Amino acid sequence: ESIRRAKRKKYWKTQEVRDLIKANDPRASAKAEEMIATLEKIAEEEDNEDYLPGPVQYTLLIDAYAKSGTADAIQRVEAVIDRIFESDEQSSNGKSVSPT
């Protein structure tokens, strides 16, 4: 039941960001950042790694930055990629990136 609940929560958060990106909404990158932070917070509070953001969520964050047109978009994308690699290195002793 908790896995299904986590998947539903991730799906709706992800879909909201996907819709903003598709509409070229300037709030997309902020909403994507909020999605990542919310999922990480829920994962910690529920002590359930199924809530952790996965490749789909991080790809949407990168896409939102890329389409934002802001001057710092490249630096933000690089920071996300670095964070993913750091998270992968620390996966054996703490928070990681979910496989989904």
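Contact is taken to mean heavy atoms within 4.5 Å. The structure is a predicted model, in which local features require pLDDT of at least 70 and side-chain atom pairs count only at pLDDT 80 or more, whereas totals for chains, interfaces and linings use all residues. Residues are numbered from 1 along each chain as its sequence is written, and side-chain values use heavy atoms, with hydrogens and water left out.

The chain contains 4 helices and 0 strands, where helices (H or I, at least four residues) and strands (E, at least two) are DSSP runs numbered from the N terminus. Along the sequence the pattern is α-α-α-α. Of the 100 residues in the chain, 34% are buried; buried denotes under 20% relative accessible area, exposed over 50%, and partly exposed the range in between (1.4 Å probe, protein chains only). Among contacts between residues at least 6 apart in sequence, 62% join residues at least 24 apart.

Helix α1 (residues 2-22) packs against helix α2 (residues 28-46) at an angle of about 170 degrees, and their axes are 9 Å apart. Axes are lines fitted to C-alpha atoms, for helices over the stretch in contact, and angles run from 0 to 180 degrees between N-to-C directions. The two helices α1 and α2 are therefore roughly antiparallel, given that angles under 35 degrees count as roughly parallel, over 145 as roughly antiparallel, 65 to 115 as roughly perpendicular and the rest as oblique. On the α1 side the contact comprises R5, K9, K10, K13, T14, E16, V17, L20 and I21, which meet A28, K31, A32, M35, T38, L39, I42 and E46 of α2. The residues of this contact divide into 8 nonpolar, 2 polar and 7 charged (Ala, Val, Leu, Ile, Met, Phe, Trp, Tyr, Cys and Pro count as nonpolar, Asp, Glu, Lys and Arg as charged, and the others, Gly among them, as polar).

Two non-glycine residues in loops adopt a positive phi. N24, in the loop between α1 and α2, has a phi of about 55 degrees and is exposed at 60% relative accessibility. D47, in the loop between α2 and α3, has a phi of about 50 degrees and is exposed at 72% relative accessibility.

Q57, Y58, L60, L61, A64 and Y65 are buried in α3. Viewed down the axis of α3, these buried residues fall within an arc of 155 degrees, so they line one face of the helix, the arc being that of the directions from the helix axis to the C-beta atoms. The face turned away from the buried side of α3 carries the exposed residues T59, A66 and K67. Just after α3, G69 takes a positive phi of about 75 degrees.

Contacts beyond four places in sequence were examined for individual residues. S29, in α2, is buried at 10% relative accessibility and touches L61, A64, Y65, S68 and R76. I62, in α3, is partly exposed with a relative accessible area of 23% and touches V77, V80 and I81. The C-alpha atoms of I62 and E33, 29 residues apart along the chain, are separated by 9.8 Å. A79, in helix α4 (residues 73-89), is partly exposed with a relative accessible area of 46%. A79 and I62 are 17 residues apart in sequence, with a C-alpha to C-alpha separation of 9.7 Å.
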